[in-house]
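Please keep the sequence and the structure in view while reading.

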Amino acid sequence: SCKMCGGDIHLVEEQREGLASILAVTCDSCGNHLSRPMSKKQSQVWSVNRRFVFGMRWIGRSHESMVKLCAAMDMPRPMSLSAFYGHHRALVKGSRSVAEKSMNAAAAEIVEQSETDICETAVSYDGTWMRRGYASLYGAFLAV
């Protein structure tokens, strides 16, 4: 019941974008209205949506798996495919930026410790392909 007048209240979802929603409580008698977002919004992006895309990509899954998971959990359908790829592009851009800064800092540290203009350092690397053999267009490489 309403804290102001004791009247009946009802809960409605005012807005939903992907898994983010804004819930509103309204009193039928006095019209008192209170709405709250169920996720934080950072730079026009709902945190829950960005984190969900990150989590799915972290385990190697894509949009179709998001749809299946939401259906199995009886949750609302997640964002559209184009929104998913928008989040994915932003995550790739951020990851690339962090990786480049980290590699540049490591290279600067090696150069700083070197006594000559030529820096000698050990490098370990490994790679893999999506499919066996070299016919795959997708591969991954890691250098330490």
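Q: What percentage of the 144 residues of the protein count as buried?
A: This is a predicted model, in which local features need pLDDT of at least 70 and side-chain atom pairs count only at pLDDT 80 or more, while totals for chains, interfaces and linings use all residues. Residues are numbered from 1 along each chain as its sequence is written, and side-chain values use heavy atoms, with hydrogens and water left out. A residue is called buried under 20% relative accessible area, exposed over 50% and partly exposed in between, with a 1.4 Å probe and protein chains only. By that criterion, the buried share of the 144 residues is 19%.

Q: In what order do the elements of the protein run from the N terminus on?
A: Helices (H or I, at least four residues) and strands (E, at least two) are DSSP runs, numbered from the N terminus. The protein has 3 helices and 7 strands. From the N terminus on, their order is β-β-β-β-β-α-α-α-β-β.

Q: Why does the protein count as more spread out than a compact globule, and what is its radius of gyration?
A: The radius of gyration is taken over C-alpha atoms, and the globule rule is 2.2 Å times the number of residues to the power 0.38. Along its principal axes, the C-alpha trace spans about 80 × 40 × 20 Å. The protein is more spread out than a compact globule because the rule gives 15 Å for 144 residues, and the radius of gyration is well over this, at 24 Å.

Q: Among contacts between residues at least 6 apart in sequence, what percentage join residues at least 24 apart?
A: Contact here means heavy atoms within 4.5 Å. Among the contacts in the protein that link residues at least 6 apart in sequence, the share joining residues at least 24 apart is 29%.

Q: What span should the 12 residues of H1 have, and how far apart are its end C-alpha atoms?
A: The expected span of a helix is 1.5 Å times one less than its number of residues. For the 12 residues of H1 this gives 16 Å, and the distance between the end C-alpha atoms agrees, at 16 Å.

Q: Which residues of H1 are buried?
A: The cover over the buried residues of H1 includes strand E1 (9–17), strand E2 (20–27), strand E5 (45–46), helix H2 (63–72) and helix H3 (81–113). By contrast, Arg51 is found in helix H1 and counts as exposed at 62% relative accessibility. The buried residues of H1 are Ser47, Asn49, Phe52, Val53 and Met56.

Q: Which residues is Asn49 in contact with, leaving aside its neighbours within four places in sequence?
A: Asn49 sits in helix H1, which covers residues 47–58. Its relative accessible area is 4%, so Asn49 is buried. Leaving aside neighbours within four places in sequence, its contacts are Glu17, Gly18, Leu19, Ala20, Met79 and His87.

Q: Is Ser21 buried or exposed?
A: Ser21 has its place in strand E2. Leaving aside neighbours within four places in sequence, Ser21 is in contact with Glu13, Gln15, Arg16, Arg36, Pro37 and Met38. With a relative accessibility of 10%, Ser21 counts as buried.

Q: What is the phi of Gln44 near?
A: Ser43 lies in the loop between strand E4 (41–42) and E5, and its phi is near 55°, a positive value in a residue other than glycine. Gln44 is found in the loop between E4 and E5, and at 68% relative accessibility Gln44 counts as exposed. The phi of Gln44, a positive value in a residue other than glycine, is near 65°.

Q: How far apart in space are Val111 and Ser35, C-alpha to C-alpha?
A: Val111 lies in helix H3 and, at 52% relative accessibility, counts as exposed. In sequence Val111 and Ser35 are 76 residues apart, and in space their C-alpha atoms are separated by 56 Å.

Q: Which residues does Phe141 touch, not counting residues up to four places away in sequence?
A: Phe141 lies in strand E7, residues 139–143, and counts as exposed at 59% relative accessibility. Its C-alpha atom is 8.9 Å from that of Trp129, 12 residues away along the chain. Not counting residues up to four places away in sequence, Phe141 touches Tyr125, Asp126 and Gly127.
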